[in-house]
Amino acid sequence: MSAKVASAPSMRDALYEPPGPKTRKKMIVGTAVTLLAVVALAAWVVYRFWVTGQLSAKYWQLFTWRTTWIYLARGLAGTFEVALVSAAIAIVLGLALMLGRTGRIAWLRVLCAAVTNFFRGVPSLLFIYFFFFTMPSVGVSMPPFWMMVLPISFAASGVLAEVFRAGMNAVPKGQTEAGLSIGLSPWKVKTKIVMPQAIRFVIPSLISQLVVVVKDTALAYVVSYPDLMQNAQVLRTNYDAMVSTFLVVGLIYIVINYLINKVSVYVSRRTGAKIIR
């Protein structure tokens with residue numbers, strides 16, 4: 001049985017044929033040319049930094065100070081706080097939109113579909129501008145934290161609603177038919193039989209969506225919320241170290257998102273849910 005599972009075709013195998021000898025040679029040549037181009041570009045960038053003095057020790061000295069890393073750690077804590085709260089709200093709201101869109105009430109289906117498409121189509125930055133500029137003009141004020149959390153939650157919930165709906169559609173129809181045949185109501189079939197299986201299917205995708213949420217928190221500078229990016233802006237202004245500051249912070253974001261992706265892959269293996277990599 002384990003041999004059959006190991007040799008089962010993946011989604012990639014179903015969609016693409018394995019490359020032939022000529023194609024493999026072309027892939028090797030293309031990879032080599034691309035790698036050389038990337039190395040050349042990186043060397044040119046480093047050279048320009050050196051010529052303009054951006055590699056001078058005075059621009060990097062601040063990262064040898066303990067206070068700098070404490071300050072960035074505080075900003076990183078703010079980033080995690082916004083990301084986790086936004087993700088929690090987005091999951092609940094996305095689940096509600098999915099249930100409304102897949103329900104039996106026609107007007108509710110249309111409304112949830114419209115809201116989902118609206119949340120998916122509007123950029124997070126536009127939502128943030130709405131809460132930052134428009135809401136105070138009509139007498140509604142809120143802390144910068146919620147000016148970040150709510151826009152990111154709305155934008156992510158539209159995507160998560162579709163992720164949940166895809167998970168529901170992935171559950172075999174026979175599960176629903178079996179539940180109805182033993183006298184369960186449609187609502188109980190959906191919540192007791194279909195949804196638990198659907199959520200297990202989409203857990204890796206939910207975790208992967210955290211990458212988008214974390215990246216959206218970089219817009220906190222708009223509302224002056226002290227997250228990682230906002231604190232990096234303060235360091236850049238105080239020490240006139242734009243390249244070094246943004247390079248270090250960029251590497252921090254890369255590490256965070258890489259770890260989130262690894263967690264997603266690990267969970268997908270543990271749950272048996274297939275993801276395309």
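**Reading helices, bends and loops**

Q: At which residue does H10 bend, and by about how many degrees?
A: H10 bends by about 50 degrees at valine 202.

Q: What does H10 span between its end C-alpha atoms?
A: Start with what a straight helix would give you. With 31 residues at 1.5 Å a residue, that would be 45 Å. Helix H10, residues 186-216, spans only 38 Å between its end C-alpha atoms.

Q: How do I read pLDDT, and what does the protein average?
A: Here's the general idea: where pLDDT is low, the predicted coordinates should not be read in detail. In this model the protein averages a pLDDT of 85, and 91% of the residues score at least 70.

Q: Over which residues does pLDDT stay under 50?
A: That's residues 1-11. The model has one contact beyond four places in sequence for that stretch.

Q: Now for pairs of helices. At roughly what angle do the axes of H7 and H8 cross?
A: The axes of H7 (residues 124-137) and H8 (residues 144-170) cross at roughly 140 degrees and come within 9 Å. H7 and H8 are therefore oblique to each other. Their crossing is right-handed.

Q: Which residues make the contact of H7 and H8?
A: First, a handy rule: an α-helix has 3.6 residues a turn, so residues three or four places apart point the same way. On H7, the contact is made by Ser124, Phe127, Ile128, Phe131 and Phe132. On H8, look for Met147, Met148, Leu150, Pro151, Phe154 and Ala155.

Q: How do H9 and H10 cross?
A: The axes of H9 (residues 173-181) and H10 come within 9 Å, crossing at roughly 140 degrees. This crossing is right-handed. Gln175, Thr176, Gly179 and Leu180 of H9 make the contact with Pro186, Val189, Ile193, Val194 and Gln197 of H10.

Q: Within how many Å do the axes of H5 and H8 come?
A: Within 6 Å, and the axes of H5 (residues 66-101) and H8 cross at roughly 45 degrees. H5 and H8 are therefore oblique to each other. H5 passes H8 in a right-handed crossing.

Q: Last one: is phi of serine 224 positive or negative?
A: Most residues other than glycine have a negative phi. Serine 224 has a positive one, near 60 degrees, and lies in the loop between H10 and H11. Aspartate 240 also has a positive phi, near 50 degrees; look for aspartate 240 in the loop between H11 and H12.

Key:
Residues numbered from 1 in each chain as written. Predicted model: local features only at pLDDT ≥ 70, side-chain atom pairs only at ≥ 80, totals over all residues. Heavy atoms only, no water. Helix = DSSP H or I, 4+ residues; strand = E, 2+ residues; numbered from the N terminus. Expected span 1.5 Å × (residues − 1). Bend = angle between axes of the 7 residues up to and from the residue. pLDDT = per-residue confidence, 0-100. Contact = heavy atoms within 4.5 Å. Axes fitted to C-alpha atoms, helices over the stretch in contact; angles between N-to-C directions. Parallel < 35°, antiparallel > 145°, perpendicular 65-115°, else oblique. Left-handed = near helix turned anticlockwise from the far one by under 90°.
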